[in-house]
Amino acid sequence: MSVNRVTLLGNVGKSPEIRDGAGGAKFATFSLATTDRAYTKKDGTQVPERTEWHNIVANGRIVETIQRYVTAGTKLYIEGKLRTRKYTARDNTERTVTEIYLDNMELLGGKPQEQSNPNVPFANLQRSQQNPGGYWGQSDNIPF
């Protein structure tokens with residue numbers, strides 16, 4: 001048995017990019033910053049604040065909510081799975097990227113100013129169950 005579970009509480013770095021994938025599916029990608037506070041050890045050594053940036057990927061119904069309500073600076077609580085993939089960059093070098101594939105998300109910091117579709121809740125959102133096997137389908141091909 002194994003567990004692949006990531007839980008993060010942080011702020012969105014820049015507004016999400018929304019892309020169309022195969023079959024009309026939409027995907028959202030954005031960065032999320034989490035920060036460890038600065039502190040002083042017992043011996044007087046100061047440890048500076050440290051910010052980590054996480055690449056977030058989402059698909060399914062939750063993308064509609066991300067598109068409407070998530071912008072740079074939005075505070076989010078997210079749960080997901082950690083995935084690493086390789087790709088070939090434009091300069092023909094092979095690169096590796098680690099991403100969090102979003103399962104659940106909660107918007108924090110108050111209710112959004114305008115909720116244009118009352119049928120889409122803005123808190124405790126979960127990935128669509130229409131594709132429970134994964135985000136990209138059986139082949140795991142990245143749509144962008």
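**Salt bridges and contacts in a predicted model**

Good morning. Asp20 is exposed, with a relative accessible area of 57% (exposed means over 50%, buried under 20% and partly exposed in between, with a 1.4 Å probe and protein chains only). The structure is a predicted model, in which local features need pLDDT of at least 70 and side-chain atom pairs count only at pLDDT 80 or more, while totals for chains, interfaces and linings use all residues. Residues are numbered from 1 along each chain as its sequence is written, and side-chain values use heavy atoms, with hydrogens and water left out.

I shall start with the whole protein. The protein has 144 residues, and 35% of them count as buried. Its accessible surface comes to about 9500 Å², of which carbon and sulfur atoms hold 44% (the areas come from the Shrake-Rupley method with a 1.4 Å probe, and for residues only the protein chains shown count as cover). Contacts also reach along the chain (a contact means heavy atoms within 4.5 Å). Of those between residues at least 6 apart in sequence, 58% join residues at least 24 apart.

Let me turn to charged side chains. Side chains of opposite charge can pair when their charged atoms come close. How many salt bridges are there? The count is nine (a salt bridge is a side-chain nitrogen of Lys or Arg within 4 Å of a carboxyl oxygen of Asp or Glu).

One of them joins Arg5 to Asp103, with the closest N and O atoms 3.1 Å apart. Arg5 belongs to the segment before β1 (6-12), whereas Asp103 sits in strand β8 (residues 94-108), so this pair ties together parts that are 98 residues apart in sequence. Arg5 is partly exposed at a relative accessible area of 44%, while Asp103 is buried at 7%.

Asp20, with which I opened, has a salt bridge to Lys26 at 3.8 Å, N to O. Lys26 is partly exposed, with a relative accessible area of 36%.

A further salt bridge links Glu99 and Arg85, whose closest N and O atoms are 3.0 Å apart. Since Glu99 is in strand β8 and Arg85 in strand β7 (residues 75-88), the pair ties together parts that are 14 residues apart in sequence. Is Glu99 buried or exposed? With a relative accessibility of 6%, Glu99 counts as buried. Elsewhere, salt bridges with shared partners join Arg5, Lys81 and Asp103 into one network.

I shall stay with Glu99 for a moment. Leaving aside residues up to four places away in sequence, Glu99 touches Asn55, Val57, Lys81, Leu82, Arg83 and Arg85. The side chains of Glu99 and Tyr101 are also joined by a polar contact of 3.0 Å (a pair of N or O atoms within 3.5 Å; within protein, one must be able to donate a hydrogen and the other to accept it, and residues adjacent in sequence count only if both atoms are side-chain atoms). Between the side chains of Arg85 and Glu99 there is likewise a polar contact of 3.0 Å. Arg85 has its C-alpha atom 5.6 Å from that of Val97, which is 12 residues away along the chain.

What lies over the face of Tyr101? Arg83 does, at 4.8 Å from the ring centre (a charge sits over a ring if NZ of Lys or CZ of Arg is within 6 Å of the ring centre and within 35 degrees of the ring normal).

Next comes Thr35, in strand β3 (residues 26-36). Thr35 counts as partly exposed, at 41% relative accessibility. The C-alpha atoms of Thr35 and Glu49 are separated by 6.9 Å, although the two residues are 14 apart along the chain. Apart from residues up to four places away in sequence, Thr35 touches Glu49, Arg50 and Thr51. With Thr51, Thr35 makes a side-chain to side-chain polar contact of 3.1 Å.

Asn92 is not a glycine, yet its phi is positive, at about 70 degrees. Asn92 is also exposed, with a relative accessible area of 66%.

Thank you for your attention.

Conventions: Helix = DSSP H or I, 4+ residues; strand = E, 2+ residues; numbered from the N terminus.
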